[in-house]
Amino acid sequence: MKPPEIIRLTPGKRVLFLTKDPDLVRRQLRGELDLRMEGLRVEDLLDDINTDAMTPAWVCFSHRPEDIARDAYAGLIVDGKRLFERDALINGNFEVIVSGYRKGVGSSRETAVQAEKWSGIRIAVAASFAPIHARNNISQGVLMADHEMLKRLQAGEGIPLEEFCQGWDPITQIVIREGGLFPFSKALAAGEIELPKPDTGPRPMTMAEKILARHLLSGGEGPPFDSQRYVKPGDAVVVSVDGGYTHEFTTAQVHYFLEQEYGTDYVVKNPGKFAVFEDHLIYADEVPKMRVFVDKIETLRELQREFQRHTGVRDYSAKDRISPGICHEVAREQFIDPGDFIQATDSHTCMGGVNNALTWGVGATEYADLIHQGFTQVEVPESIRFELTGKLQPGVTAKDLMLYILLNHARPQATLDRVMEFTGPGIATLSMDERATLTNMATECAAKTAIVVADGETWRWLAEWRPGIDVERLKARAVAPDPGAEYAGGVHTIDLSALRPMVAHPGDPDRGIPSDPTNGAWIDEIGDVPVDIAYGGSCTAGKIDDLIFYHQVVKEALDAGFKIAPGVRFMIQCGSQAVEDFVRRNGLADTFERAGVQLIHPGCGACIGCGPGVSETADEVTVSAINRNYKGRSGPGKLWLASPLTVAASAFTGRITAYEPGMFARMASERPVLV
Ligand code: SF4
């Protein structure tokens, strides 16, 4: 619904303050207390409210926003109990919700906003919002305000809608005025709104800018692919979308929203390069705490199948309960082309940038809108460039490079909301699988996405994976940065040969240090860290080269007479069926079997707390090749992020150990000989 030109509080409706004092929240929820901003300080309000706290994963097993709203804030636990009981937010009759800094950090899940909106919230007040959460508010038509505006509203003042639009680009302002993304698109289709025409003149462009410029639709003139157009960071543009995908966690919502907005006979524009995947929950049935949700998970799967039949998008459903693979891995193997603009409902969509494409994740509403229209609106992002030189030393991998970038560039926020461009002579020394680790972890850097310049290896790899493709046609679509292109985040040269094996540690809750991928540390400086679980897999580390890394270590350890350390569970999960076929065809699986490694069929599994490899107690320590170690993501234990080589070496030594070629033979020769 379009918001009025003057925004006022509705008589009889209430304002909920999420205070650091849980008792004040309880009393507001019980209707015993109404607070005013004048009587509070911003420091009294909760900061860093995580989307996991707003809608934990189990709440997302429901796809209807009205059901999700019933468990709004189910993840806010105080003294072991939910602060918000079921229906508490709905029953409180609130229309404004107030918090401190960085509201909506963590996962990009749009359900966090839906939980509030379908509970009656129409204005979210905070000192600042996480960028993706803010976009989700805009998509859903929830207005955002600061604490000074709230004081004025509570004093009875009407605030012009224009003030709620300030700071946003011109097209986003129109979306806010229309009341969200669906009303905006309908008004656009009906010719009721006119978009600002892009007027950026010739300038050197980054790779991301070039791809967006080629996809420009603003002005309604259509985008001949080769036409020379220009954009700059901050430009608000409407661009065509080449393809995308959803998975069983998100498809049901997309289908539901499209039916609600356009009726049960809705159609999508270009289904050929859009897809659905069954990958995230494929092993959920095997995790005890997930078993209570099996019926809901089955409903999600069934609704995804219904959506696929209805729209005709590519079908990557499981066959005989085996997934074709993790969406990001299969998409880059099979259909993401250089020069593409791809959108999908998952934060690791950025992985597709390895194919010299521009790819990033969006919420379910944005995706439903763009798959229906064939276009979307974006603000051209800034870029940061990493010029790679030299060559990684044996025992050092792309994962170590990303842990280094996370510590040195993401932690000080240099990558925040920017496109990470990877260029330089060092690129040629990295395989496509290793480059994919770089683009995959852009989301851990809080970047918009990442993209790698194309070279001979790109064309060789694409031709190998897609026999018969027209490589010359793809070459014509590739982009490289122009000399003189502007990088707001700077150009950073990294000498690959200077890197050493790294980990990201799980923090220290007692000292207020959260578990975070930016907690980088050199392995030779962390001391003795015994492990219980070694896990290799996920979209980051389930590629063919990752499996070759695991195998290199396992074989070397076996040949030197080593066994997996007593008490350690070592699991390896393939990223796609093609990866698993490679592993079985080439004898890697036999080596894993001899060593006692549990080799798991493709899927997300332990990475999302839904499969073998999840820790079961807070004391358990995992060394894992996945991409993120946020608290509780892969079980309650402590999770150290590391490279595939480190994971495999640690499984045999029983403590976090950097791999060095020949280390096991050396260790064997140093063993005392018993006489
Ligand atoms: S493997 Fe993990 S990070 Fe990758 S898509 Fe699946 S859940 Fe997300």
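Predicted model: local features only at pLDDT ≥ 70, side-chain atom pairs only at ≥ 80, totals over all residues.
**Stop 1: the whole protein**

Zoom out and switch to a cartoon view. Along the principal axes, the C-alpha atoms fill a box of roughly 90 × 60 × 45 Å.

The protein exposes about 25,500 Å², and carbon and sulfur atoms supply 51% of that. Of the 675 residues, 60% are buried.

**Stop 2: some charged pairs**

Side chains of opposite charge can pair when their charged atoms come close. A search of the whole structure turns up 55 salt bridges. Let's visit a few.

Arginine 64, at 32% relative accessibility, counts as partly exposed.

Next, pick arginine 41 and glutamate 43. Their side chains form a salt bridge with an N to O distance of 3.8 Å. Arginine 41 is partly exposed, at 49% relative accessibility. The cut-off for exposed is over 50%.

Then try lysine 232 and aspartate 235, where the closest N and O atoms of the salt bridge are 2.9 Å apart. Check the two ends of this pair: aspartate 235 is buried, with a relative accessible area of 12%, whereas lysine 232 counts as partly exposed at 34%.

**Stop 3: glutamine 377**

Select strand E15, residues 375–379, and find glutamine 377 in it. Glutamine 377 counts as buried, at 6% relative accessibility. What does glutamine 377 touch, leaving aside its neighbours within four places in sequence? Show Arg135, Ile171, Val175, Leu181, Phe184, Val237 and Val238, and you have its contacts.

**Stop 4: helix H18**

Jump to residues 456–465, which make up helix H18, and colour its buried residues: Thr458, Trp459, Trp461 and Leu462. Turn the view to look down the axis of H18; these buried residues fall within an arc of 165°, so they line one face of the helix. What do they pack against? Bring up helix H14 (327–334), helix H17 (432–440) and helix H19 (471–477) to see their partners.

A side-chain oxygen of aspartate 455 comes to within 3.0 Å of the backbone nitrogen of glutamate 457.

**Stop 5: glycine 575**

Move on to the loop between E23 and H22, where glycine 575 sits. Glycine 575 is buried, with 0% relative accessibility. Setting aside neighbours within four places in sequence, glycine 575 contacts Gly325, Ile326, Glu329, Gly542 and Pro602. If you like using the distance tool, draw a line between the C-alpha atoms of glycine 575 and aspartate 87: they are separated by 39 Å, and the two residues are 488 apart along the chain.

**Stop 6: helix H23**

Last stop: residues 588–595, helix H23, in which Leu588, Ala589, Thr591, Phe592 and Ala595 are buried. Look down the axis of H23 and you'll find these buried residues within an arc of 160°, so they line one face of the helix. On the other side of H23, Asp590, Glu593 and Arg594 are exposed.

What covers the buried residues of H23? Show helix H21 (544–559), strand E23 (569–573), helix H22 (577–585), strand E24 (598–600) and helix H24 (644–653), which are included in that cover. Finish by clicking glycine 596, which follows H23 and has a positive phi, near 85°.

Notes: Residues numbered from 1 in each chain as written. Heavy atoms only, no water. Buried < 20%, exposed > 50% of the residue type's maximum accessible area, 1.4 Å probe, protein only. Helix = DSSP H or I, 4+ residues; strand = E, 2+ residues; numbered from the N terminus. Arc of directions from axis to C-beta. Contact = heavy atoms within 4.5 Å. Polar contact = N/O pair within 3.5 Å; in protein donor to acceptor, adjacent residues only side chain to side chain. Areas by Shrake-Rupley, 256 points an atom, 1.4 Å probe, with all protein chains shown as cover. Salt bridge = Lys/Arg side-chain N within 4 Å of Asp/Glu carboxyl O.
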